[in-house]
Amino acid sequence: MFDYNGMFLDNHLLLSFKAGWLNHKAVSRVSTGDARRAQRRFHAKTEGYYLLHAVGTHVFKASIDAEHSMHDSVHPVASRAASTVLGGFVQDTWTVSHLLTLQGGARYDVQSLREGLDGRRALTAYLLSPRAGVVINPRTMYHSQLFASFAKYHDLVPLGLMDAESGQGVTFDPNLVPTSSREVIVGASHEFRPTQNGNLWFQLAAHYARRRLDTTLASVDGPDDEGVLIGNPGIGLAAALPKAVRTYDAVTVSVQPKFYWVRTQFSYTWSRLYGNQTEPLGADAGRPLVRQQLLPADRAHSIKATGTRGFELARKLHLLTGVSYQGASGTPRDDLGTRNRWVHVLDAHVDLKYQVSRFESVSFELDALNLLNTQPGAWLGEGRSVESDGVPPLYVLPPLQVRFGVRYSF
């Protein structure tokens, strides 16, 4: 791994460059012999920030990155799959005044997939992802904000789709569009100070988010029932399938009180996940359901709460304690409207820090995760594991864990 950072033009220009290479080999024992697989991956990225004062303040951000991945398999037949991605983005955050900030940008990626030992081209995808946002500060002294944003997202085509280990040939719709979605967020926040001495204040915020699936991937029988075809449901060669629909709506309200002796934060989210696309290329090979319904990952209610407090035990000895809670209503169990039980997760943290000198310190840390020892099997029902779309992924909880660590900073 190589990492470089530098500042130029009187600190108005910041440049960074990162590059890395990975070579991973694995051997697994199967009934017909040893299955050998190798993965090679090279990634490089350069990123820059430029500060400009012109009709306000502009912070320009641009990046170019490249990645080449190759998977080789020699069992049961020799096969190779490779992906080359070249992409970049430009973005401008323009602070017009202390009342208004505008943001706009776009990302563009080109992905080329090749298969076979001769490296023949399987698919080339061109992906444009625009983004825009606005922040209005009507009362800056109270940190009041009105904000809105729009973004288009594209996922890359997974290289694992070209895995020929199963012995079936894989072809792509020539007009395939990788999984894409769009997101709209609008919200507001305001800081309240009921006391003049500043010992008590709290910030209240609320926002609405909608995420909508535009295209996704599914596998169907290939032409003449040979191999597998990867296409977009309802489009092109996969037009016989229903068009994929997956819509996530959520309203979140949060309050962050600040007392002179403790910091806390609370949030509540109401959400709805509806459509006919349960899992992209997961269950039923990504093929949408016949009708739309509440999806298995839907959780109508979600609650989060955190609290931290620090203690000065001595002039150089400090203690920090914290606790966090997550709770979410159960996922749909059937078509009758019944749901699985609520899930409750409690974590705790203790940090004892001794300041050896101005620049040196020793910390002893203790973490207790999942104190209630919540077990997914007790409430998940059929053992499904699905995408959460922003809902806490409580269904993959490990059992109770206790971790102890020592940190020396200098």
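Two strands pair if DSSP finds at least two bridges between them. By that rule, strand 18 and strand 19 (residues 343-355) of this predicted model are joined by twelve bridges and run antiparallel.

Phe-311 has Leu-319 in strand 18 as its bridge partner, and Tyr-325 has Leu-346 in strand 19 as its partner.

| Strand pair | Sense | Bridges |
|---|---|---|
| Strand 18 and strand 19 | antiparallel | twelve bridges |

**Leu-295**

Is Leu-295 buried or exposed? Its relative accessible area is 0%, so Leu-295 is buried; the cut-off for buried is under 20%. Leaving aside residues up to four places away in sequence, Leu-295 touches Arg-246, Pro-332 and a run made up of Leu-273, Tyr-274, Gly-275, Asn-276, Gln-277 and Thr-278. For Thr-278, the C-alpha to C-alpha distance to Leu-295 is 6.2 Å, with the two residues 17 apart in sequence.

**The largest nonpolar core**

In soluble globular proteins, nonpolar side chains tend to be buried together. In this model the largest nonpolar core has 14 residues. Those with the most contacts inside this core are Leu-113, Val-157, Met-162, Phe-172, Leu-176 and Ile-230. Strand 7 (120-136), strand 9 (170-172) and strand 13 (228-231) each give two or more residues to the core.

Which residues does Phe-172 touch, not counting residues up to four places away in sequence? They are Leu-113, Ala-122, Leu-123, Val-157, Leu-161, Met-162, Leu-229 and Ile-230.

**Cavities**

The structure holds two cavities of 30 Å³ or more. The second largest cavity contains about 30 Å³ of space. Its lining is formed by Asp-214, Thr-215, Thr-216, Asn-232, Pro-233, Ile-235, Lys-243 and Ala-244. By type, the lining of the second largest cavity divides into three nonpolar, three polar and two charged residues.

How values were computed. Residues numbered from 1 in each chain as written. Predicted model: local features only at pLDDT ≥ 70, side-chain atom pairs only at ≥ 80, totals over all residues. Heavy atoms only, no water. 1 Å grid on protein atoms, 1.4 Å probe; cavity = no way out; pocket = protein on both sides within 12 Å on 5 of 7 lines; lining within 4 Å. Points joined across faces, edges and corners; volume = space filled by probe spheres on them. Nonpolar A, V, L, I, M, F, W, Y, C, P; charged D, E, K, R; others polar. Core = buried A, V, L, I, M, F, W, Y, C linked by side-chain atoms within 4.5 Å. Buried < 20%, exposed > 50% of the residue type's maximum accessible area, 1.4 Å probe, protein only. Helix = DSSP H or I, 4+ residues; strand = E, 2+ residues; numbered from the N terminus. Contact = heavy atoms within 4.5 Å.
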